[in-house]
Amino acid sequence: MWANADWRGSLYPAHDTPETRLGDYASLFSAVEGNTTFYSGAPREETVATWARQAPAGFRFCFKLPAALTHERRLRDVEADVDHFLLRLAPLQDRLGPIMVQLPRDFDSEGLPQLERLLERWPESIPCAVEVRHSEFFHKGSAEMALNRLLISYGVDRVMLDVRPLFSTPANSDSRLSKAQSEKPKRPLHVLSTADRPVIRFIGHVDNAINEHYFRPWSERINLWIKQGKTPFLFVHTPDNRHAPQLARCLHEQLRQHDPALPELPRFPGDVQAALF
């Protein structure tokens with residue numbers, strides 16, 4: 001996301017406006033996980049035009065396919081709606097990262113034919129990544145092998161949801177942890193790249209030492225993928241996302257320890273403003 005009012009005075013200046021947030025965000029980070037389309041569907045044409053004006057050439061939007069198509073209709077007879085959705089994003093086509101197809105928790109191997117129908121007509125010019133949540137895709141059995149073969153055959157990445165930090169301790173009285181643990185699926189982490197744009201969604205803990213512990217192996221793997229010519233996408237969450245930008249910067253510094261050639265993240269405008277007082 002980029003439109004988070006909680007980030008005023010930290011990621012953003014204390015007196016920012018919603019109209020400036022995407023531009024400010026894109027001056028610091030190179031990609032965003034666009035959740036708004038998951039809940040609201042295809043954005044309006046004028047909204048997309050505004051995003052196109054504000055985002056620089058190297059920036060990548062990674063929107064989610066609408067839940068109305070993935071969760072309500074379960075990918076059945078959605079061809080026209082997918083075409084409409086992708087057409088609406090056309091002004092951003094040179095700045096689209098993987099469009100994420102997040103599937104519901106009860107979408108199992110019986111739904112793979114619907115997924116294949118979606119992928120076989122997916123435009124080659126637009127990257128795609130699929131996030132599964134049903135437990136049978138995490139047992140290294142026939143269902144998972146069929147899924148991975150399908151993704152590899154169409155050059156589609158499998159989203160890796162890392163919830164290990166989030167579930168590493170009981171929530172106890174921490175309402176932020178309790179809410180996040182109730183919302184996120186507790187699934188094993190299977191680290192694999194089925195195409196050229198691995199997507200990692202790292203769900204952090206309120207304790208940064210725990211986050212750094214679980215991220216350490218990611219630093220090595222992400223840098224290996226970069227050396228192999230892949231383009232990894234890392235999206236960072238915290239239980240209430242209030243401190244997600246700070247965690248992203250911390251994890252980015254871990255990456256730079258393995259590859260000092262990676263550019264530093266600029267200081268956040270809110271940090272700079274706070275230093276003046």
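Visitor: Leaving aside neighbours within four places in sequence, which residues is S109 in contact with?

Guide: S109 is in contact with E136, F137 and A143. Contact means heavy atoms within 4.5 Å. This is a predicted model, where local features need pLDDT of at least 70, side-chain atom pairs count only at pLDDT 80 or more, and totals for chains, interfaces and linings use all residues. Residues are numbered from 1 along each chain as its sequence is written, and side-chain values use heavy atoms, with hydrogens and water left out.

Visitor: Where is the place of S109?

Guide: S109 is in the loop between strand 3 and helix 6. Helices (H or I, at least four residues) and strands (E, at least two) are DSSP runs, numbered from the N terminus.

Visitor: Why does S109 count as partly exposed?

Guide: Because its relative accessibility is 27%. Buried means under 20% relative accessible area, exposed means over 50%, and partly exposed is in between (1.4 Å probe, protein chains only).

Visitor: How many Å apart are S109 and V32 in space?

Guide: They are 29 Å apart, C-alpha to C-alpha. In sequence, 77 residues separate S109 and V32.

Visitor: Back to strand 3. Are the residues on its faces buried or exposed?

Guide: Buried, on both faces. Strand 3 covers residues 99-102. I99 and V101 are on one side, M100 and Q102 on the other.

Visitor: How many bridges join strand 3 to strand 4?

Guide: There are 4, and the two strands run parallel. Two strands pair if DSSP finds at least two bridges between them. Strand 4 is residues 128-131. Within strand 4, V130 is the bridge partner of V101. The chain goes from strand 3 through helix 6 (residues 112-120) to strand 4, a right-handed β-α-β crossover. Right-handed means that, with the strands pointing away from the viewer, the path from the first strand over the helix to the second runs clockwise.

Visitor: What order do the strands take in that open sheet?

Guide: The order is 3-4-5, with parallel pairing. Strand 3 and strand 5 (157-158) are the edges, each pairing on one side only.

Visitor: New topic: strand 7. How many of its residues are buried?

Guide: 5 of its 5 residues, which are 199-203. V199, R201 and I203 point one way, while I200 and F202 point the other.

Visitor: Why do they alternate?

Guide: In a regular strand the side chains alternate between the two faces of the sheet.

Visitor: What stands opposite what?

Guide: Start with strand 6 (residues 160-162), which pairs with strand 7 over 3 bridges. There, M160 stands opposite I200. On the strand 8 side (residues 233-237), 5 bridges join the two strands. I200 has L234 as its bridge partner there, and I203 stands opposite H237.

Visitor: Which hand is the β-α-β unit of strand 6, helix 8 and strand 7?

Guide: Left-handed, with helix 8 at residues 175-183. The crossover from strand 7 through helix 9 (residues 208-227) to strand 8 is right-handed.

Visitor: Zooming out, how many helices and strands does the protein chain have?

Guide: 11 helices and 8 strands. Buried residues make up 50% of the 277 residues. The C-alpha atoms fill a box of roughly 60 × 45 × 40 Å, taken along the principal axes.

Visitor: What share of the contacts with a separation of 6 or more comes from residues 24 or more positions apart?

Guide: 75% in the protein chain.
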